[in-house]
Amino acid sequence: MFNIILFGPPGSGKGTQSENLIRKYGLKHLSTGDLLRSEISRQTPLGTEAKNFMDKGQLVPDEVVIGMISSALDTNPQAVGFLFDGFPRTEAQAEALDKLLKLKNTEIHVVLALQVSEGELVKRLLGRGLTSGRSDDTNEEVIRARIHEYNKKTSVVADYYGRFDKVKKIEGEGSVDDIFTALCKEINLQ
Ligand code: B4P
């Protein structure tokens, strides 16, 4: 099993690059953002709780997303590997993920960290907000709050995996194709 974390601030290209990576490497894509939006559109109790946080640009509580990932791992025993997109977003989530993978006799092999400036992030997310219908993309204040949450709670996840020498920084500004090539080059070196 080969497991990757695609890491980076909101709007850094995680969702965009994940689509290409899963196609090329046959990995199972686990995006906590997509899982949460699916719960919201189905109007489940979990979705209703999550929406309150997401609309303010805040992270959803750890226990909610860890539970979602745990059941997604259990329902995909045949996967050749997982691409984690937008998870883990806190150190507690990273520790929980390591434990869950250990139970399955596997681990995170590499953390690919996309590097994008704040100005570019805001521009991209406001751009996506024009067409996506995502309420967290239309308001610049909410976008800035998401970036603030990332700096406060999520950037430490890179330090956590850095201790195990698993983090590779990838330039995240440029064409989607060039960034994809850089990501593949790093994966092929593993
Ligand atoms: P996510 O769904 O993970 O969304 P995101 O980080 O905003 O976007 P992503 O990074 O995937 O977007 P992309 O750059 O591909 O999270 C949404 C919310 O869910 C969070 O704020 C939080 O509330 C909650 N949540 C999710 N996971 C959680 C967790 N583990 N714990 C707690 N809460 C959690 O795309 C952005 C735009 O950039 C697109 O328009 C794209 O076309 C464009 N783009 C991409 N690459 C580009 C390039 N190279 N050049 C120009 N534009 C590009």
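This is a predicted model: local features need pLDDT of at least 70, side-chain atom pairs count only at pLDDT 80 or more; totals for chains, interfaces and linings use all residues.
Local features require pLDDT of at least 70 and side-chain atom pairs pLDDT 80 or more, while totals for chains, interfaces and linings use all residues. Residues are numbered from 1 along each chain as its sequence is written, and side-chain values use heavy atoms, without hydrogens and water.

The axes of helix 6 (residues 118–132) and helix 7 (residues 140–162) come within 10 Å and cross at roughly 135°; axes are lines fitted to C-alpha atoms, for helices over the stretch in contact, with angles from 0 to 180 degrees between N-to-C directions. Helices are DSSP runs (H or I, at least four residues) and strands likewise (E, at least two), numbered from the N terminus. Contact (heavy atoms within 4.5 Å) involves residues including Leu 121 and Leu 125 of helix 6 and Ile 143 and Ile 147 of helix 7.

The largest pocket is lined by 47 residues, with Lys 14, Arg 89, Arg 128, Arg 134 and Arg 146 nearest its centre. A pocket is an open set of points on a 1 Å grid over the protein atoms alone, where a 1.4 Å probe fits, with protein on both sides within 12 Å along at least five of seven lines; lining residues have an atom within 4 Å of a point. Helix 6 and helix 7 are among the elements that each supply at least two residues of this lining of the largest pocket.

Of the 16 residues lining the second largest pocket, Phe 7, Pro 9, Leu 114, Gln 115 and Tyr 150 are closest to its centre. Helix 7 gives the largest share of that lining, 5 residues.
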